[in-house]
Amino acid sequence: MTLLHWAILAPFLFAIFVPLVYKVFPKLHTGWFVLLLPVVLFLYFLQFLLNRTHYETVIETVEWIPSLGINFTAYVDGLGLLFALLITGIGSLVVLYSIYYLSKEKEQLHTFYVYLLMFMGAMLGVVLSDNTIVLYTFWELTSFSSFLLIGYWYHREKSRYGAQKSMLITVFGGLSMLGGFILLYLMTGTFSIRETIAQVDTILSHDLFIFAMILILLGAFTKSAQFPFYIWLPDAMEAPTPVSAYLHSATMVKAGIYLVARFSPIFAFSAEWFWSVSLFGIFTLFWGSFNAVKQTDLKAILAFSTVSQLGMIMSLLGVGAAALHYQNFEYYTVATLAAIFHLINHATFKGSLFMVVGIIDHETGTRDIRKLGGLMSLMPITFTIAVIGAFSMAGLPPFNGFLSKEMFFTSMLRVLEMNMFQADTWGMLLPIIAWIGSVFTFLYSMVLVFKTFTGKLQKEKLEKMPHEAPIGMLIPPIVLASLVVIFGFFPDLLAYTLIEPAMKSILPSLLAESEHFHVHIEMWHGFTPELFMTIGVVLLGTILFLTLTKWKKVYGLQPEKLTLNTFYDSSLVALDSSSSRFTKFYMTGFIRDYLVYIFAFLIVMLGASMASLGAFSLDVSKTAPVGIYEVILALVMIAGTLTTLFSTSRLTAIIALGSVGYSLSLFFVLFRAPDLALTQLIIETVSVALFLLAFYHLPELKRREQKLRFRLVNFIISLGVGVIVTLIAISANSERVSETIASYFIENSYKLGGGKNMVNVILVDFRGFDTMFEITVLGIAALAIYSMIKLRLSRREEG
Amino acid sequence: MFETVIIISLALIAISSFLLIIRLIKGPSVPDRAVSLDAFGINLIAITAIISVVLKTNAFLDVILLLGILAFIGTVAIAKFLEKGEIVENDRDQ
């Protein structure tokens with residue numbers, strides 16, 4: 001265990017002490033204690049950047065299950081470090097924010113911080129694991145802790161619904177991803193991601209390649225809320241706002257992005273990867289931004305906005321894969337650069353926006369934009385932060401969103417120049433959808449700011465008089481908003497430290513060992529097509545914003561029944577009802593039906609396997625000659641059996657059964673088995689007596705005696721069982737290969753057992769154990785009968 | 001000669017058993033069946049005895065004795081059941 005491993009596991013260890021601190025120091029807000037950890041971890045990860053040349057990677061292995069090749073390998077490269085810094089950095093801010101957001105008196109803080117720390121540790125594990133199985137373990141832990149956090153206010157119906165929905169969808173994706181990892185293991189024989197990347201040629205030519213890719217993409221798309229799996233994210237907004245800010249904007253939803261980036265070196269050579277990642281991403285961008293405009297809840301706007309922005313990053317990662325096919329790759333790697341840059345930007349402005357919304361909710365008591373308005377003069381600082389965040393999200397200068405939006409357009413336009421994967425024809429789609437999506441992005445960003453902060457204050461609709469939030473609550477969004485501005489003016493701060501090494505992790509095959517990408521981000525590019533696209537976005541967006549009331553009817557066009565949520569809900573209901581109908585269909589509660597299934601399977605399985613193996617053989621040469629006594633006795637027995645079957649009264653059936661039993665004992669006589677004959681006689685007499693006893697005590701109502709009804713199915717099945725068993729018995733006899741062991745007993749029963757009655761010697765000497773347990777069986781039966789008769793707990797009152 | 005006698009006697013007993021079985025099936029009343037079962041049991045004694053002779057063994061003499069006892073007990077039990085409605089009278093309630 002190195003320091004790095006302890007750093008990954010530290011949140012879990014810390015979480016153990018949280019309830020203790022909560023109980024021991026009731027006056028202290030538990031958050032202050034928790035805050036220590038992400039700050040320390042952030043500083044720890046920061047020194048990876050500062051203390052060494054940042055292109056170096058760090059690998060530390062701790063054996064976990066070495067026999068299966070599963071080791072806890074921590075691997076810090078550019079991509080992992082970027083995510084680790086995001087997780088711990090925003091984690092610190094979110095914990096600070098939550099100290100002011102969550103009330104010490106009203107909330108169960110210890111559970112909140114335990115879940116949050118669990119999530120933080122899991123997320124660090126996801127981004128710093130080199131082993132796919134370990135990655136998967138942490139991945140599921142993020143799903144699990146996210147489930148707990150969404151359902152934090154578990155007494156609310158909607159929280160539970162949202163938690164369940166996100167659990168079902170992300171776990172579905174997680175399991176698919178596990179399938180993909182196992183397929184990769186089958187192809188390469190290793191769980192290590194780095195070793196898998198080294199064998200990329202084997203994978204590309206393998207038949208399982210496409211399945212592994214689809215399964216891993218399913219995992220990434222569900223986690224990162226891509227179309228059509230985005231539906232869980234808006235419902236996850238029932239979580240406390242710090243959770244929404246942390247999990248559902250900055251970290252967890254980017255786990256899918258991380259996965260796509262991490263596995264780019266393996267899959268990115270194929271056209272399927274390029275098209276599926278970029279098309280799903282670009283459509284999610286459009287669909288998320290389009291739907292964000294119609295939302296009235298601030299958090300819902302931000303949720304759809306997150307969906308849309310994640311789609312943008314995803315599509316950029318897809319487009320960036322094209323660079324692998326070109327000599328002048330620098331021209332196309334701008335997409336990957338934009339993806340990473342926007343990833344950071346999105347974390348900053350979306351985190352601050354969520355916190356702003358939390359503040360508004362906290363100070364006014366509502367998040368509904370129809371009730372809000374005119375908060376600008378009352379909450380000036382919040383307003384400033386919101387403007388910075390929203391304008392950056394809309395892609396306006398001088399904020400960092402503008403830079404990444406420009407690069408986004410650049411990379412989408414460069415798709416047109418590609419001459420592969422039919423990009424020259426279908427590639428047209430990408431920039432067009434990207435542009436339309438950006439118009440809607442601009443639109444909802446404006447809605448977010450202006451509907452909330454300008455206009456008239458509607459005092460009568462608000463629960464309390466709004467005023468500026470406490471300073472502690474404002475610090476985290478202020479920090480994030482300043483980062484938005486700083487990254488906007490000095491983007492190169494990120495370029496050398498974070499973006500270049502991260503790009504190297506995503507596109508390692510383009511560079512030699514010691515080389516690195518040269519990234520330089522500028523605010524001003526001259527009059528490029530991208531600039532005109534941005535101007536177009538602003539113009540059209542402004543027009544649409546001003547005429548919003550007139551065209552908002554468009555959203556009514558999609559009928560309620562055709563939405564993905566309705567589909568999800570109704571498919572859950574259908575799954576539930578159809579499986580219960582199916583169960584009711586065959587689990588009838590009648591033993592008769594179950595016996596039909598059992599015997600039908602017996603016939604089919606035995607008959608089919610015997611027939612397919614050609615095992616039926618009717619060889620009569622080994623059978624003994626049939627004597628006249630046996631024939632007569634068999635006839636008597638058959639007569640008794642038929643009487644039992646077709647008798648009209650139960651008494652007749654019992655007596656006929658008795659005659660069959662006595663005939664059997666006669667068979668034992670005939671076949672020279674005196675002990676069996678003796679036992680059979682006694683047992684038969686006793687059981688006939690018991691049958692009579694049972695018969696007599698039948699309840700009055702049902703006592704009306706009836707002839708057995710004839711059922712064709714029962715007849716066929718009984719006939720089938722009889723025929724099958726007979727055939728198998730005859731086949732077994734005619735196929736007998738080895739000698740019996742009877743000669744041993746004949747020789748040794750007197751010599752070794754000291755008895756002349758061989759049956760008895762076998763029972764008590766050679767095979768005494770069987771006898772012992774048969775005695776036990778009889779004892780248990782006797783005790784059970786006694787207790788059934790004597791012990792009548794439920795009917796004691798009746799006497 | 002001896003074997004002929006044995007076969008004839010076995011055949012006769014078999015026919016008798018068969019007829020008893022018919023009586024057992026046809027009924028018409030339960031006592032009829034009970035009596036036929038009792039007689040069937042006695043026939044079994046005879047069959048067992050003759051087969052012991054055929055097989056030249058005395059291992060089945062126990063069986064003969066047991067059959068006698070059981071036929072008696074069984075018939076008495078059925079008779080008591082028909083008469084009183086139960087076989088073992090318990091005086092738990094008194």
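**Close-up views of a predicted two-chain model**

**View 1. Arg592(A) is partly exposed, with a relative accessible area of 37%.** Here buried means under 20% relative accessible area, exposed means over 50%, and partly exposed falls in between (1.4 Å probe, protein chains only). Residues are numbered from 1 along each chain as its sequence is written, chains are lettered from A and ligands numbered from 1 in the order in which they are written, and side-chain values use heavy atoms, with hydrogens and water left out.

**View 2. Asp130(A) and Arg194(A) form a salt bridge, with their closest N and O atoms 3.5 Å apart.** Asp130(A) sits in the loop between helix 4 (109-128) and helix 5 (132-150) of chain A and Arg194(A) in helix 7 (residues 193-198) of chain A, so the pair ties together parts that are 64 residues apart in sequence. Helices (H or I, at least four residues) and strands (E, at least two) are DSSP runs, numbered from the N terminus. Asp130(A) is buried, at a relative accessible area of 2%, while Arg194(A) is partly exposed at 29%.

**View 3. Lys165(A) meets Asp235(A) in a salt bridge, the closest N and O atoms being 2.5 Å apart.** This pair also links distant parts of the chain: Asp235(A) belongs to helix 10 (residues 232-235) of chain A and Lys165(A) to helix 6 (residues 157-188) of chain A, 70 residues apart. Lys165(A) counts as buried, with 0% relative accessibility. Elsewhere in chain A, a network of salt bridges links Asp297(A), Asp361(A) and Arg367(A). The count over all chains comes to seven salt bridges.

**View 4. Ser315(A) is found in helix 14 (residues 298-320) of chain A.** At 0% relative accessibility, Ser315(A) counts as buried. A polar atom of the Ser315(A) side chain lies 2.8 Å from the backbone oxygen of Met312(A). Leaving aside neighbours within four places in sequence, Ser315(A) is in contact (heavy atoms within 4.5 Å) with Val277(A), Ser278(A), Gly281(A), Ile282(A), Phe408(A) and Met412(A).

**View 5. Strand 1 (residues 58-65) of chain A and strand 2 of chain A pair in the antiparallel sense over seven bridges.** Two strands pair if DSSP finds at least two bridges between them. Ile65(A) stands opposite Ile70(A) in strand 2 of chain A. Four residues lie between the strands of this hairpin, where Gly69(A) takes a positive phi near 75°. Which way do the residues of strand 2 of chain A point? Ile70(A), Phe72(A), Ala74(A) and Val76(A) point one way and Asn71(A), Thr73(A) and Tyr75(A) the other way, and all are buried.

**View 6. Helix 9 of chain A is mostly covered, with eleven of its 15 residues buried.** Among the buried residues are Phe209(A), Met213(A), Ile216(A), Leu217(A) and Phe221(A). Ala225(A), which follows helix 9 of chain A, has a positive phi near 55°.

**View 7. Helix 1 (residues 2-26) of chain B has 25 residues and reaches 36 Å from its first C-alpha to its last, close to the 36 Å expected.** Its buried residues include Ile6(B), Leu10(B), Ile13(B), Leu20(B) and Leu24(B). Helix 26 (628-646) and helix 27 (650-670) of chain A, together with helix 2 (30-55) of chain B, are included in what covers the buried residues of helix 1 of chain B. After helix 1 of chain B comes Gly27(B), with a positive phi near 95°.

**View 8. Between chain A and chain B, 29 residues of chain A are in contact with 27 residues of chain B.** The buried area is about 2800 Å², of which carbon and sulfur atoms give 86%; this is the accessible area (1.4 Å probe) that two parts lose on being put together, summed over both. How many salt bridges are counted between chain A and chain B? The count is zero, and zero residue pairs are in polar contact (both at pLDDT 80 or more). A polar contact is a pair of N or O atoms within 3.5 Å; within protein, one must be able to donate a hydrogen and the other to accept it, and residues adjacent in sequence count only if both atoms are side-chain atoms. Helix 26, helix 27 and helix 28 (674-696) of chain A each supply at least two residues of the side of chain A that touches chain B. Helix 27 of chain A gives the most to that side, with eleven residues.

Terms used
Expected span 1.5 Å × (residues − 1). Salt bridge = Lys/Arg side-chain N within 4 Å of Asp/Glu carboxyl O.
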